[in-house]
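Reader: I am new to this structure and would like to go through it step by step. Could we start with the overall layout?

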Amino acid sequence: MSKKHNFSAGPCILPQEVLKQASKAVLNFNNDDLSLIEISHRSKPFVEVMDNAIALVKELLEVPTAYSVLFLQGGASLEFLMVPFNLLRKGGKSAYTNTGTWAKKAIAEAKSMGEVEILGDSSDKNYNYIPKGYKIPTDVDYFHCTSNNTIYGTQMKDFPHCPTLMVCDMSSDIFSRKIDVSKFDLIYAGAQKNMGPAGTTLVIVKDEILGKTGRNIPTMLDYNTHISKGSMFNTPPVFPIYVSMLTLQWLKELGGVEAIEKINQEKADLLYGEIDRNPLFEGAANKDDRSNMNVTFLLTDESKEEQFNKMWNNAGINGLKGHRSVGGYRASMYNALPLESVQVLVDVMKKLEVN
Ligand SMILES: *Cc1c(COP(=O)(O)O)cnc(C)c1O
C-alpha cells in the first residue's frame, strides 16, 4: 500500500474504494457521459442518490419511521444554532453538558437565545472525563450532549435517562457503534468524520417535536422546510451527499454498524493496550471514558519527542499531532482506518521504547 496511514481528526480517512468510485463519478457518472457535479439535482440519477443515501442511513441505524433523515449544509456548527431555534420555546430553558470545545460552541449559540443550564462540566480537568450522575430537570425544553469529544478523546459510553427532548451531536462517532435512535429526538453530525467530505450535515429528527416553539424561524433554519422538500429546498451539496452514500454502502457491505463496532473495538484495544503497557506513553483521558474514535496520549519523556515524530513520519503516518488544547498526540481511528495502520503505529511506539 503506497497510501499513508491516515490518523487525521477531520476531514479524515475515507475508504479507498469510495474515493475511486467518487473520482470516476466526477468525470463520468452512471456512464451518461456527464459529471455527477454538472447534472441537475432534480434529475433522476441524482434523486436516486439522495433517496439511496437516506435509505442507507435508515437501514444502518435502524431509524424508526417517526423520524426524518436530512442532508443539510452549514456543518455541525450551524446545528448548534438550529437546535435552539427549532426546539427552544419563547422564554424557555435548555440544559447542556459541557464536555469540550464543540459542546462549548453549542452552548454559546443556545445562550444567545435563552437560558442554559449546565448539567455536567468537565472543564475543571481540561475535559479529560465525561461528567456523570447529573439529573436532567423536567422543566427544560431539551437536553443536549456530545457523544464523542473529538479533541479531548472522551466518549459517552452510556446516555442518561432523559425526561425531556434528547439532542445529541454525534459528529465524530456516528456509524461507529450501535445506538438506539429511539432514545433520541434529534441527532446531528457533520459528514467529514465517518461519512464523507465536508459540506453536508446529517440530521435525524423526530417529526412530532417540531413546530412547537411559538417562534418565527427563518426559512433555511427551519427543519420543517427541509423535511417538506426532502432536503431539496435549495440545491443540496451533491458531491458530499454522493460520497456519503458510497461510504454507507461500503459500511453495509462490510456488515453494518455491528461489524464496524467490533473492528473499532479491536483497534482501540490494540492502541490503548500499548499506551498502557509502554512506559514512554500515557493516555490523556480518564480510562472509563476513553474514546474509540480519537485516542489522545502523551509522551512521559519529552526528550523523546523529536525522535518519535521522526519515526512515525518515516513510517508513513499522517495526522498524529495532538490538538493545541491538549498537546501530545491524537490518533483518530475512524471507520475507514484499517487495523493494519494501528499496528504500524503500535510498532513505532514499541521501537521507540527499545531505541
Ligand atoms: C468536527 C466536529 C464539529 C464541527 O463540525 P463542522 O461541520 O465543522 O461545523 C462539531 N462537533 C463535533 C463533535 C465534531 O467532531
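**Domains and a helix**

Author: This is a predicted model. The protein is divided into domain 1, residues 16-254, and domain 2, residues 256-354.

Reader: How many Å separate the centres of domain 1 and domain 2?

Author: The centres, taken over C-alpha atoms, are 27 Å apart.

Reader: And how many residues are in contact between them?

Author: In domain 1, 27 residues are in contact with 27 residues of domain 2. The area buried between the two domains is about 2,200 Å², and carbon and sulfur atoms give 53% of that area.

Reader: How many salt bridges are there between domain 1 and domain 2?

Author: The count is two salt bridges. K178 forms a salt bridge with E258, and their closest N and O atoms are 3.6 Å apart.

Reader: Changing topic to helix α7: what span should its 22 residues have?

Author: Helix α7 covers residues 256-277 and, at 1.5 Å a residue, should span 32 Å. Its end C-alpha atoms are 32 Å apart, which agrees with that expectation.

Reader: Which residues of α7 are buried?

Author: The buried residues in α7 are G256, V257, I260, N264, K267, A268, L271, Y272, E274 and I275. Seen down the axis of α7, these buried residues fall within an arc of 150 degrees, so they line one face of the helix.

Reader: Why would residues a few places apart point the same way?

Author: An α-helix has 3.6 residues a turn, so residues three or four places apart point the same way.

Reader: What do the buried residues of α7 pack against?

Author: They pack against the helices α2 (44-61), α6 (238-254) and α9 (339-354). They also pack against the strands β11 (281-283), β12 (294-299) and β14 (329-332).

How values were computed. Residues numbered from 1 in each chain as written. Predicted model: local features only at pLDDT ≥ 70, side-chain atom pairs only at ≥ 80, totals over all residues. Heavy atoms only, no water. Helix = DSSP H or I, 4+ residues; strand = E, 2+ residues; numbered from the N terminus. Expected span 1.5 Å × (residues − 1). Buried < 20%, exposed > 50% of the residue type's maximum accessible area, 1.4 Å probe, protein only. Arc of directions from axis to C-beta. Contact = heavy atoms within 4.5 Å. Domains from an automatic or database assignment. Buried area = accessible area lost by both parts, 1.4 Å probe. Salt bridge = Lys/Arg side-chain N within 4 Å of Asp/Glu carboxyl O.
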